[in-house]
Structures are given as structure tokens and as C-alpha cells.
Amino acid sequence: VSSWAGRDTWQLARAGPARGQDIASAAARRAGLLEPFSDDEPPDARLLAELLPRFERPAPADAVVNPFSVLRIAAENERRTLEAAERLIHVRPALPFLAVYVPGFDKVCHAFWQYRFPEAYGDRRPAAEDIAELGPVVDRYLAFVDRSLGHLIAAYGEMPNVIVVSDHGFEANTTHPMWRGWHSARGIAIAAGPSFGHRDAPLPVSYYDVVPTVMDVMGFAAPDGMRGSSLLRR
Ligand SMILES: [Zn+2]
């Protein structure tokens with residue numbers, strides 16, 4: 001749903017997939033920007049050990065998909081993506097807009113939710129030793145994402161406007177064939193930076209408000225027919 005909603009709104013805003021050779025950066029710089037994704041780039045052993053000290057333990061009995069390979073792939077993709085984004089900021093510090101998709105936390109929640117929130121599963125909760133060892137992974141992963149985003153924001157000379165948005169939340173699930181953690185309807189949206197004043201009370205935000213807010217921050221008028229409204233106008 002979110003990718004359709006997102007695509008529709010971006011199309012209405014006349015933003016689309018990059019065409020041509022030099023949209024984000026000159027073609028000659030591409031190799032350097034994509035270097036983090038090179039097969040020669042080794043996995044970050046320290047990061048993986050921080051997320052889960054013992055990768056070589058037996059897979060938990062209640063998991064259909066091996067959570068350790070999910071964690072390894074998520075963390076490595078995330079780290080490389082954020083590193084490439086940071087390189088882009090250094091090459092193009094005046095780039096007016098940068099969107100970074102950070103999908104790993106979703107995967108980690110799918111694979112580790114039952115160890116983090118075992119009380120939500122009643123008598124179908126995982127084994128006690130799995131809860132003890134795998135329970136902290138979700139929080140550790142979030143700390144890694146948070147730290148990495150902080151790094152990325154610091155790559156700008158001065159504080160940019162930043163919107164962090166998740167298109168869904170998570171909850172326990174007992175019927176999905178693959179995952180015991182599954183999407184829930186409520187996500188989060190956090191906005192900070194020079195254009196956003198501090199508010200003590202949270203605002204109800206729809207996914208449709210994201211593009212109108214980005215357009216407003218950048219000084220564009222939203223086109224007719226666009227759903228949602230700018231958070232700056234509330
Ligand atoms: Zn998901």
C-alpha cells in the first residue's frame with residue numbers, strides 16, 4: 001500500500017525515477033559512490049558482533065526463516081546504503097533533497113519480534129534461552145540505525161531539515177506462515193530542523209502528508225488533487 005500511495009503522490013509532484021546520466025552525480029563519480037557495494041568490501045565484523053555476539057549458535061526452533069542470515073543481510077545492506085548516502089553528501093553538499101530508504105529494521109523486526117516481545121505470544125512464546133540471547137537484537141539494531149542516521153546528518157555542514165518516516169509499525173502475529181512479527185497500521189513520523197518548530201504534543205500524521213510537507217519545506221506549492229497536507233501548516 002505504501003509504495004503505491006508514495007508513487008502516486010510523488011508522480012503528482014512531478015518527481016520520478018532518475019532519467020539521464022548525471023541526475024545525482026556525474027557518471028565519472030559513480031564507481032566511487034558505489035564502492036561500499038563492491039564484492040571486495042568485507043562485512044563489518046565488529047558491527048555484526050555488536051548486534052549479536054554469537055552468530056554461530058543453533059537456529060531457534062520456532063523460526064521458519066533463519067533470523068541470523070536476515071540480520072546479517074539487513075545490517076550489511078543498511079551500512080553500505082548509509083555509507084553511499086554519506087559519500088553522496090560529501091560529493092554534492094548542496095544537493096537540495098536526499099531520500100534514503102532504510103529497510104533493514106523492518107526485516108529485523110520480522111525475524112526477532114517474538115524474542116523482543118515474548119509476552120505477546122502467551123504460551124506460544126519462544127524458548128527462554130532464545131529470548132535471553134535474541135531479545136536484545138531489535139533494540140541494538142535500532143541503536144545502530146539511530147547512530148548511523150546521526151552520522152549521516154552530521155555529514156551536512158549545518159543542520160538540515162530531516163524527516164524520519166516509517167510506513168507501518170509492528171506487532172505479534174500467530175498466523176503468518178513465515179514471520180511471527182508482522183506489520184501494524186501505525187507507524188511513526190519525526191521531523192526536525194530549521195523549518196520545524198518544536199512541539200510538545202504529537203500530531204496525527206498520514207503517509208500522504210509526507211510529500212506535501214517536503215514540497216512546502218522546499219518552497220513549492222502542492223499541485224491540485226494532492227492528498228494530505230504540510231505539517232508546517234498545522
Ligand atoms: Zn516488512
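Which residue follows H8, and is its phi positive or negative? The residue after H8 is Gly219, and its phi is positive, near 85°. Helices here (H or I, at least four residues) and strands (E, at least two) are DSSP runs, numbered from the N terminus. The model is a predicted one, in which local features need pLDDT of at least 70 and side-chain atom pairs count only at pLDDT 80 or more, while totals for chains, interfaces and linings use all residues. Residues are numbered from 1 along each chain as its sequence is written, and side-chain values use heavy atoms, with hydrogens and water left out.

The overall layout comes first. The protein chain holds eight helices and four strands, arranged along the sequence as α-α-α-α-α-α-α-β-β-β-β-α. Its C-alpha trace spans about 55 × 45 × 30 Å along the principal axes. Of the 234 residues in the protein chain, 34% count as buried, where buried means under 20% relative accessible area, exposed over 50%, and partly exposed in between (1.4 Å probe, protein chains only). The buried residues of H8 are Val210, Val211, Pro212, Thr213, Val214, Met215 and Asp216.

We turn next to the nonpolar interior. A nonpolar core is a set of buried Ala, Val, Leu, Ile, Met, Phe, Trp, Tyr and Cys residues joined through side-chain atoms within 4.5 Å. The largest such core has 25 residues, of which Leu51, Leu52, Leu71, Val108, Phe112 and Tyr141 touch the most other members. At least two residues of this core come from each of helix H3 (45-51), helix H4 (67-91), H5 and helix H7 (137-154). H5 supplies the largest share, six residues. Elsewhere in the description of helix H7, Val145 lies within that helix and is buried, with a relative accessible area of 9%. The C-alpha atoms of Val145 and Arg79 are separated by 8.7 Å, although the two residues are 66 apart along the chain. Glu129, by contrast, belongs to helix H6 (residues 128-134) and is exposed, at a relative accessible area of 55%. Glu129 and Tyr115 are 14 residues apart in sequence and 9.7 Å apart in space, C-alpha to C-alpha.

Asp106 is buried, with a relative accessible area of 19%, whereas His183 counts as partly exposed at 29%.

On a 1 Å grid over the protein atoms alone, a cavity is a set of points where a 1.4 Å probe fits but cannot get out, and a pocket is an open set with protein on both sides within 12 Å along at least five of seven lines; lining residues have an atom within 4 Å of a point. Grid points are joined across faces, edges and corners, and a volume is the space filled by probe spheres set on the points. The whole structure contains one cavity of 30 Å³ or more, and the largest cavity has a volume of about 60 Å³. Among the residues that line the largest cavity are Asp62, His110, Gln114, Trp179 and Arg180. The second largest pocket holds about 910 Å³ of space. Its lining comprises 35 residues, and Ile188, Ala189, Ile190, Leu203 and Val205 are the closest to its centre. S4 gives the most to this lining, with four residues.
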